[in-house]
Amino acid sequence: MKKVKSFILYIVNLLPVASSVLVISALLVICGYGLFTLGYVKGFETASTKWQEEIQRVLAHIPEVTSIEESPKNVAPTPIVIVQTPSPQKASFSGPELWDAVNKRRKELGVNELSNQSELCTIASIRLNELLELGKLDGHEGFSNLAQRRDDLKWIFEKYNISEFLVSGVTTPTQAVDAWENTLGHKKLLTGGEYVWGCIYAQSGFGVAITAY
């Protein structure tokens, strides 16, 4: 500050009075700005120093990270395998369809086609309902005692020589015919020329063929 004052007095002595006033005013402004700038810089340096010290203090409390585990790269995702199980094929053939398939095969084997007889259809209908309720074949048990269980049907058994042919677990008329043809006892349904009349009922994979002569 002493050097600044000496410099100002030196300038004043060199100038006239009027000019001295202007110069002094300008120098005071310059000095004031210089002092302000100097104070600002000093304050900034002090604040910066304190800010750096604060950062160092915070960092000192953060535990050192020794390693960073990265997610594996270029790893193929686990494949999701969708297995589609085919739905079981439902039997949808009817009695008339099975009737046609049986007569077609009988004709191919060189025997007469069966003629439909309504009273035989009564027996076929009763037997099919019994098997559907049971859910399986009964080994002809229901057929063998049907005349004893149903007095109103005795006359049919007395009038005809009746046979029963059963099938289950098939989905088409062709499968039913094949099953009968490949079973020794049931093959007579297709090859027995003695049978003249008949009736066939079918539902849900069960088939009942009643034949007579």
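**Exercise 1.** In this predicted model, find which residue of strand 4 stands opposite Ile162, and then describe how strand 2 and strand 4 pair.

*Solution.* Begin at Ile162, which faces Ala212 across in strand 4. Next, widen the view to the two strands, where strand 2 (residues 162–167) and strand 4 (residues 206–212) run together in the antiparallel sense, with six bridges between them.

**Exercise 2.** Work out which residues of strand 2 point one way and which the other way, and state how many of its residues are buried.

*Solution.* First, sort the side chains: Ile162, Glu164 and Leu166 point one way, whereas Ser163, Phe165 and Val167 point the other way. Then check the covering, which shows that six of the six residues in strand 2 are buried.

**Exercise 3.** Locate the disulfide, determine its handedness from the torsion about the S-S bond, and explain which parts the pair ties together.

*Solution.* The sulfur atoms of Cys121 and Cys199 are 2.0 Å apart, which is within the 2.5 Å cut-off, so the pair is a disulfide. The torsion about their S-S bond is about 100°, and the disulfide is therefore right-handed. Because Cys121 belongs to helix 4 (residues 118–134) and Cys199 to strand 3 (residues 197–203), the pair ties together parts that are 78 residues apart in sequence. Both Cys121 and Cys199 are buried.

**Exercise 4.** Compare the reach of helix 4 with the expected 24 Å, and say what phi Gly135 takes just after the helix.

*Solution.* Helix 4, with 17 residues, reaches 25 Å from its first C-alpha to its last, which is close to the expected 24 Å.

Definitions and conventions. Residues are numbered from 1 along each chain as its sequence is written. This is a predicted model: local features need pLDDT of at least 70, side-chain atom pairs count only at pLDDT 80 or more; totals for chains, interfaces and linings use all residues. Side-chain values use heavy atoms; hydrogens and water are left out. Helices (H or I, at least four residues) and strands (E, at least two) are DSSP runs, numbered from the N terminus. Buried means under 20% relative accessible area, exposed over 50%, partly exposed in between (1.4 Å probe, protein chains only). The expected span of a helix is 1.5 Å times one less than its number of residues. Two strands pair if DSSP finds at least two bridges between them.
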